[in-house]
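Have the viewer open as you read.

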Amino acid sequence: MSRIIVVSNRTPGKGPAAGGLAVALRKTLAEREGFWFGWSGKLVDEPSAEARFEDIDGLSVAQVDLTREDHHAYYAGFSNSILWPSFHLRLDLATIEAHWYEGYRRVNTQFARALLPLLKPDDIIWVHDYHLIPLASELRNLGVRNRIGFYLHIPFPTTDALYAIPHHQELMRDLSRYDLVGMQANRDVAAFTEFSEHQAPSTLAGSPLKSVDFGRTEVAAFPIGSDPDAFARLAVSPAATKMIKRMERAMGEQELILGVDRLDYSKGLPQRVEAYEKLLANNARFRRLVHMLQVAPPSRDSIKEYQETSDTLDAMCGRVMGRFAEPDWAPLTYVKRAYGQPSLAGLYRLARVGLVTPLRDGMNLVAHEYVAAQNPEDPGVLVLSRFAGAAEIFEDAILVNPFDTDETAEALRMALDMPLDERKDRWKTLMAAARKHSVENWSRDFLDRLAPASIAGTGTRDILYLASVA
Ligand code: ADQ
């Protein structure tokens, strides 16, 4: 079988904290051979020309170091101050500095040059995420003819938002150099198709830009997921049970409403707290009987817009506390730190409501994990944003428009009042969907499509040819 080379911005770290993606791809790499390639996390004066191999918990990892300037322009700059906000339709939060694009390309060139000598002719290369859109172009320019796939972990933007990105034409041309482009949801494939069919904005001067030919690139939705059965086991592990006991002691009879997110403006955190405030304002009977816990560790906090979101959330939580807290009852707890997966699994299992209300999200794995961690005999209710990719899979969640905080407040009321039979019925369908869209199936489906019969020594095209003449 061909080797699989996974490429992402960061390589997975040591220890059990690794997320579902690292676990799934680790499994794929163990079965298929190959290695993971990416940035080491080290910043140096001179960029490394060659990758260093390291064994990280049995996984073969090849890493390069970046210069501080390149990393800033590539990561905090072009990737997270231009591409991330634009792809999430938050052009108001984008900051554009023209020179960042050069750093973004430089890092992609550095990755390609360091990867080239490590490649064998029938290796299959799987590139992850918006940091690395140009990587296939850079590799092809160096003569690489291997099958190369790309998976986008965030939503694909609308055409207007795409036009607001500097060098968007080059980026789309870069995308057309992949054999397969995987998106999170059908919504994203529709947005891509809208762009690819209409392309250059019509100009009054009547001179449209040269359009990009996507004729050799297959684009399809591959909804990512979690490992629901492993998560279900984790939710009854001693570490999870310890967390449940600790929370039960603190909360007594109160029902838990839980949010778990990276602190990111795409996650709709201020709107979520406002919805909770409205629940308490409109339904006095819930006061003292519910408690909201929001876990949101800071991320990308060198970027101004992230600090501002953090400040807004601090103020909102303070407002709700000031309005509703009693000497012996706090309506909410806001924790700004990350928890390990076992503790999270315990929190999910205890929560009567999983409140997952991003304004826009690729998939949202928290929704998957919440479903997987439930007790089948007494499951909680998932309140889910329509604008998360997960909404295409979890039709039996209570779907809300996260911008409409009245609607979310009403969804919270419904969830808290929902009878056990209905909770069980809904959960069964949700769990079946989580199993169908497991991360293992996702990885297998993507690789099967990228290299349909990647059997050692026989190129994919040969096999297709044999099949068609047989
Ligand atoms: P993220 O934006 O990071 O991922 P999400 O999918 O919700 O969002 O979470 C990814 C992982 O981080 C989950 O396994 C979750 O348990 C963990 N996590 C989140 N908040 C945490 C917290 N407070 N403490 C500890 N762990 C936490 C991006 C896209 C998503 C897409 C994923 C995967 O933005 O839309 O689903 O990639 O493709």
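**A helix under cover**

Let's start with helix H6, residues 168–175, which is mostly covered: six of its eight residues are buried. Those buried residues are His168, Gln169, Leu171, Met172, Asp174 and Leu175. Keep in mind as you look around that this is a predicted model.

Now zoom out. The chain splits into domain 1 (4–224 + 440–465) and domain 2 (228–436). Where the two domains meet, domain 1 puts 25 residues into the contact and domain 2 puts in 23 residues.

What about the nonpolar interior? In soluble globular proteins, nonpolar side chains tend to be buried together. Here the largest nonpolar core has 62 residues, and the members that touch the most others are Tyr348, Leu382, Leu384 and Phe394. Both domain 1 (4–224 + 440–465) and domain 2 (228–436) supply residues to this core, so it lies between them.

Skip its neighbours within four places in sequence, and Leu384 is still in contact with Val356, Ala367, Ala390, Ala391, Phe394, Ala397, Ile398, Leu399 and Val400.

Next, a helix pair. Two packed helices are described by the angle between their axes and the distance between the axes. For helix H10 (residues 269–282) and helix H11 (residues 304–324), the axes come within 9 Å and cross at roughly 10°. With angles under 35 degrees counted as roughly parallel, H10 and H11 are therefore roughly parallel to each other. On the H10 side the contact is made by Leu269, Pro270, Val273, Glu274, Tyr276, Glu277, Leu280 and Ala281, while H11 brings Thr312, Leu313, Met316, Cys317, Arg319, Val320, Arg323 and Phe324. Sort the residues of this H10–H11 contact by type and you get eleven nonpolar, one polar and four charged.

Last stop: Thr28, which you'll find in helix H1 (residues 20–32). Is Thr28 buried or exposed? Its relative accessibility is 11%, and since buried means under 20%, Thr28 counts as buried. Not counting residues up to four places away in sequence, Thr28 touches Ser443 and Leu447. Ile4 is another residue to look at from here: Thr28 and Ile4 are 24 residues apart along the chain, and their C-alpha atoms are separated by 8.2 Å.

Key. Residues numbered from 1 in each chain as written. Predicted model: local features only at pLDDT ≥ 70, side-chain atom pairs only at ≥ 80, totals over all residues. Heavy atoms only, no water. Axes fitted to C-alpha atoms, helices over the stretch in contact; angles between N-to-C directions. Helix = DSSP H or I, 4+ residues; strand = E, 2+ residues; numbered from the N terminus. Parallel < 35°, antiparallel > 145°, perpendicular 65-115°, else oblique. Contact = heavy atoms within 4.5 Å. Nonpolar A, V, L, I, M, F, W, Y, C, P; charged D, E, K, R; others polar. Buried < 20%, exposed > 50% of the residue type's maximum accessible area, 1.4 Å probe, protein only. Core = buried A, V, L, I, M, F, W, Y, C linked by side-chain atoms within 4.5 Å. Domains from an automatic or database assignment.
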